[in-house]
Amino acid sequence: MTDLAGTFTDVRRGMIPAHIYNDRELFELEKQEIFSRAWVFVAHESEIAKPGDYVVRRVLQDSFIVARDEQGQIRAHFNMCLHRGMQVCRAEVGNASHFRCPYHGWSYRNDGRIAGLPFHEEAYGGEEGFARKGQRLLPAPSLDRYNGMIFISMDPDAEPLADFLGDFRFYLDYYTKQSRSGIELRGPQRWRIKANWKIGAENFAGDMYHTPQTHTSVVEIGLFREPKAEKRKDGATYWAGNGGGTTYKLPPGDFDERTRYVGYPQEMVDRMKKTLTEAQQQVIGEDGFMISAATVFPNLSFVHNWPRVADSDDVQPFISIRQWQPISENETEVLSWFAVDAEAPEEYKALSYKAYLMCFGSTGMFEQDDVENWVSLTNTAAGSMARRLLLNSRMGLLADGTEVIPALTPQQFHGPGTAHTGYSEYNQRELLTRWADHLDRPATPAKNFEVGTSAPAGKAQA
Amino acid sequence: MTSTHSSRSALGAHASRFERTGASLAFDDPRHLQAYRWLVDEAWLLDAQDYTGWLETLTEDIHYLMPVRVTTALGAGFDTSPGMAHFDEDKYSLSRRVARFLTEHAWTEDPPSRLRHHLSNVRTFATVDDDHLIVDSATLLFRNRGDIHPGSLVSAGREDLLRLTAEGWKLARRTILVDDAVIRMQNLAIFL
């Protein structure tokens, strides 16, 4: 048995009991207390652009059909037939007006409503026996969107997504709103790694310290333009709302010059100036910080980088969105999408895709070495010695809590939240403190839904 | 021109477009024997992680493509993720991948994996050009890392375009159709 109260106390002071990265009891708690409440990313609108388009995505073991119905409305329904519980959609992507259960032939429109119930009269005595009218697949308890990103929550009383994201939206816009049209997503690549889901989330949230060591090889082969990854310590990490991330410090210049420096053509820079707020432009143009990796609690991460993709000094930016989908306490399915501004020139899109493939994803040269570390860490965290070891995650703080480098002032960093330059683990502590706070709350039982009786199966989605 | 994975790729414009003609060549046809030998030699190069040697067997205009497979309904008309791949490489990007393995800091292969590329179902087709052959094959890669972890597998079908050059046959185009939608390997720090 784990001393939960002691574990949470240790985590909150930045001392991490190593077993939290491979602990079945804690994983069961995470399923109940985090993934049954938090907003979880499932898809982007661009993946289901046309009426009838759908993708099937999971939140832990629960499969959801995320579809655009014939009226263009985006919906997410639990992928389980109301009759005997078969998966009504067994593909992962496609276009369909209806989903038909192969077991007994019940069918549903892409807005979730029952369309066909074989032998309704003969088998049930019609509406009196089974109230078909108004019945639909079970909707996701909550669904909300930001910049085209579709999130669902298993909590019907979840706070609005905008409130959950909070000031992190300021930073999310850099990745997802480079023009009025926003991003289009491709993929995802999916693969399973023998690592705990929290490790990737922490790494992307704030680990600038690993770059010079873990990623030495990509600097040596010239994928990185800068001769040394040590430049990372000049960047800032920030935490705002329910997310945080890392930045690189750019050479002197204004917004246009610095954005071009990382490889954006002027026409894209011009569009960014129309969609980004003054403060969002100041972080780049005045403060000189360019966003790189980030994580939104609990398991959604982003990365923006600008490698060399050909034998020249030019660099090419790319964006990836990724989810650390927990499978068990020691296995994670990574879903890694390539994202690109929808209004970007076709040639830019092609090279940005190339940059993504070279750096991140299943074959990415950065990601290959990251995963090797995370698998090893997870493996080591399983044993009894890991229960005795408290990992020091207090980087950036002296023993008395004094900051090694004081926070940037609002004049030095125009974004919301708190930002620090230098190597630190502020963001990893923010993430794991939220983790502890979620696990430390009393569970609320979910309500049941009855099918075919007079009680309607869940309320219709607004 | 037939629409192929390679021709549809945003990064495939430079690739050779020769396609198969007619039925597969007889197994005692010298062209088949040469293609088969090329593939067997390649499998041994890849098992040994002799990537410098492997790079020399690729043409300058190679397109090395491994689309992401997706599960779709029967009749959907597609079974790869539109516009997304695991590998979508030219000679430059492959050379960077190889250069990385040659540094002392490619941690994911230190200690190195034990690799075995099992090769089967090889058949060869002529093209309209005598110096180009199409070769189909199946490959099953077994990869084991460390001492205690079970190994992992990747199964795939491949379509290769081989070109006869002054230095012998070289690979000018490869399309790898992996049989997993979700890859069961920690990364693809390997070549198929």
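Start by selecting B:Ala15, which sits in the loop between helix H1 (5–8) and helix H2 (30–47) of chain B. Helices here are DSSP runs of H or I with at least four residues, strands are runs of E with at least two, and both are numbered from the N terminus. The model is a predicted one, in which local features need pLDDT of at least 70 and side-chain atom pairs count only at pLDDT 80 or more, while totals for chains, interfaces and linings use all residues. Residues are numbered from 1 along each chain as its sequence is written, chains are lettered from A and ligands numbered from 1 in the order in which they are written, and side-chain values use heavy atoms, with hydrogens and water left out.

Is B:Ala15 buried or exposed? Its relative accessible area is 9%, so B:Ala15 is buried. (Buried means under 20% relative accessible area, exposed over 50%, and partly exposed in between, with a 1.4 Å probe and protein chains only.) Now show what surrounds it: setting aside neighbours within four places in sequence, B:Ala15 is in contact with B:Ser6, B:Asp61 and B:His63. Contact means heavy atoms within 4.5 Å. Then pick B:Leu133 as well: B:Ala15 and B:Leu133 are 118 residues apart in sequence and 15 Å apart in space, C-alpha to C-alpha.

Zoom out to all of chain B. You'll find four helices and six strands, running α-α-α-β-β-α-β-β-β-β along the sequence. The C-alpha atoms of chain B fill a box of roughly 50 × 45 × 30 Å along the principal axes. Of the 192 residues of chain B, 55% count as buried. Among contacts in chain B with a separation of 6 or more, 65% are between residues 24 or more positions apart.

Colour by confidence next. Chain B averages a pLDDT of 96, with 99% of the residues scoring at least 70; pLDDT is the predictor's confidence in each residue, from 0 to 100. For chain A the mean pLDDT is 94, and 98% of its residues reach 70 or more. The complex gets an ipTM of 0.97 and a pTM of 0.96 from the predictor.

Where does pLDDT stay under 50 in chain A? Select residues 455–462 of chain A, for which the model has 20 contacts beyond four places in sequence. Where pLDDT is low, the predicted coordinates should not be read in detail.

Stay with chain A and switch to a cartoon: there are 14 helices and 20 strands. Its radius of gyration is 23 Å, close to the 23 Å that the globule rule gives for 462 residues, so chain A is as compact as a globular protein of that length. The C-alpha atoms of chain A fill a box of roughly 75 × 55 × 35 Å along the principal axes, and 62% of its 462 residues count as buried.

Last stop: A:Trp106, in the loop between strand E7 (98–100) and strand E8 (107–109) of chain A. At 3% relative accessibility, A:Trp106 counts as buried. Leaving aside neighbours within four places in sequence, its contacts include A:Cys81, A:His83, A:Phe99, A:Pro118, A:Tyr124 and A:Phe130. Finally, jump to A:Gly241: A:Trp106 and A:Gly241 are 135 residues apart in sequence and 44 Å apart in space, C-alpha to C-alpha.

Methods. The radius of gyration is taken over C-alpha atoms; the globule rule is 2.2 Å times the number of residues to the power 0.38.
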